[in-house]
Amino acid sequence: MLFSPFISKPDNVAQIMLKVLLALLPGIALYVWYFGPAILVSILLASLTALGTEALMLRLRNRPIALFLKDNSALLTAWLLALSIPPLAPWWLVVVGTAFAIAIAKQLYGGLGNNMFNPAMVGYAVLIISFPMQMTHWVAPQGLVLAELSFAEQLQYIFFSVLPNGLTLDAITMATPLDTLKTHLHLEESVQQILNMPIYGQIAGHGSEMVAWGFLFGGLYLLASRIISWHIPFAYLGTLFVIAWGFHLVDPSHYVAPLFHWFSGAAILGAFFILTDPVSSPTTNKGRLIYAAGAALLTYLIRTFGGFPDGVAFATLLMNISVPLIVLYTQPKVFGKKDKQP
C-alpha cells in the first residue's frame, strides 16, 4: 500500500556528486585490472590535494570550510583529472594539476556554480602544455609490457623516479592507441596495418577499450538515475560517429571507423562525465545538443589533424567559452510574452 506524499525529495549537490563518483568505479576497477594499481595512487594524491587546496582557498575567502568540502565537487574534479593523466605520472605532476584546477579554475571564479570552465580539464590543459614529456609516459597494458612493476615498484617510481635495476621507462610504458595511430599514419602506413599491432584490441586499444566500457556502464547509470540528461551524451557520441563514419567511407586506409573514436581516449568519459558538468555546460536542452555536437567536431578535428592525440579536454574548454552565447540564443521565450513589433 502506498502512502502520501508521492513527490520525492530531490538530491542535494553532495548526493549528486557522490553518485557521479560511484558511476566512475566500474571504469576505475577495469583500469586497475588492465593497467595495475598505480591509478589508485594518482586518485588518492589528487583527492588529498583537491581537499587541501579547497580548504585553503575557502579559508582565504572567509567561507565555511566544512560545508563546501562535504559537497564532493572537489573530489570529482580530482578523480576526473587523475583519470586523464598517465597513472605513473610523478607525484608532483598530479599535485600541481589538481591544485591549479581547484585554486584557479574553480575558486578564483567564486567556487562551485560560478566557474566558467571545467576545472579538471583546465588542470589537464595546463599539464599537457607545461609538461608534455611527463604526460606521454602511459603504462602499457598487462601482457604487452616488456616488464611489469609490482605495486611497491610503481610507488617507488611515482615518488622517487627510481626503476628497478636494468629497467628503462620504455620497458614499462608505450604510446596510447590514438598517439600510435597518428604516429604511424605519418609514416605512410595504412589503418589496416596499424590496427594489426598488438596494442590494439577488438575495437580500439587493448585494455583501454574495456576501461571505456566501464565508463559507459557508469554513464548509463547516471542516465537511469536522471543525474544527467540524454542530450549531451547522445549529441556528442552521435556527432562523433557521423563525422568519423563520413571520413572513413571516403578513405578507410587513412581514417579509422567510428567505434574506434568512441572507445579510444577520453570520448566515453567526456560524453558522460566531463561535458555534462552542470556548471560549465548549457542549461537549455537545445543548447546542450549544440554544445555537445560542437565538442564532438572539435574532438575529431584535433585528433585527426591537430598536434595532440586526444582532443576531449581542449574541445570541452573551447565549447565552455561558447556556453553563454549558446544559452542566449537557445533560451525559450517567456510564456505569454509577445514578440516586439517593428
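Biologist: Which residues lie nearest the centre of the largest pocket?
Modeller: This is a predicted model, where local features need pLDDT of at least 70, side-chain atom pairs count only at pLDDT 80 or more, and totals for chains, interfaces and linings use all residues. Residues are numbered from 1 along each chain as its sequence is written, and side-chain values use heavy atoms, with hydrogens and water left out. A pocket is an open set of points on a 1 Å grid over the protein atoms alone, where a 1.4 Å probe fits and protein lies on both sides within 12 Å along at least five of seven lines; lining residues have an atom within 4 Å of a point. Of the 40 lining residues, the nearest to the centre are Trp138, Thr176, Gly265, Ala266 and Asp310.

Biologist: Which helix supplies the largest share of that pocket's lining?
Modeller: Helices are DSSP runs (H or I, at least four residues), numbered from the N terminus. At least two lining residues of the largest pocket come from each of several helices, among them helix 1 (13-35), helix 13 (267-274) and helix 15 (312-330). The largest share is four residues, from helix 10.

Biologist: Which residues are closest to the centre of the second largest pocket?
Modeller: The second largest pocket has 27 lining residues. Helix 1, helix 4 (73-82) and helix 6 each give two or more of them. Closest to the centre are Met17, Thr276, Asp277, Pro278 and Val279.

Biologist: How many residues of helix 13 are buried?
Modeller: Buried means under 20% relative accessible area (1.4 Å probe, protein chains only). The buried residues of helix 13 include Leu269, Phe272 and Phe273. Helix 13 is mostly covered, and the count is eight of eight.

Biologist: What does Leu24 touch, leaving aside neighbours within four places in sequence?
Modeller: Leu24 belongs to the largest nonpolar core, which has 101 residues; such a core is a set of buried Ala, Val, Leu, Ile, Met, Phe, Trp, Tyr and Cys residues joined through side-chain atoms within 4.5 Å. Leu24, Leu83, Tyr236, Leu269 and Phe273 touch the most other members. With contact taken as heavy atoms within 4.5 Å, Leu24 touches Leu76, Trp79, Leu80, Leu83, Phe215, Leu269 and Phe273.

Biologist: Is His261 buried or exposed?
Modeller: His261 sits in helix 12 (residues 258-262). Beyond four places in sequence, His261 touches Leu240, Ala244, Val256, Ala267, Tyr300, Arg303 and Thr304. Because its relative accessible area is 4%, His261 counts as buried.

Notes: Buried < 20%, exposed > 50% of the residue type's maximum accessible area, 1.4 Å probe, protein only.
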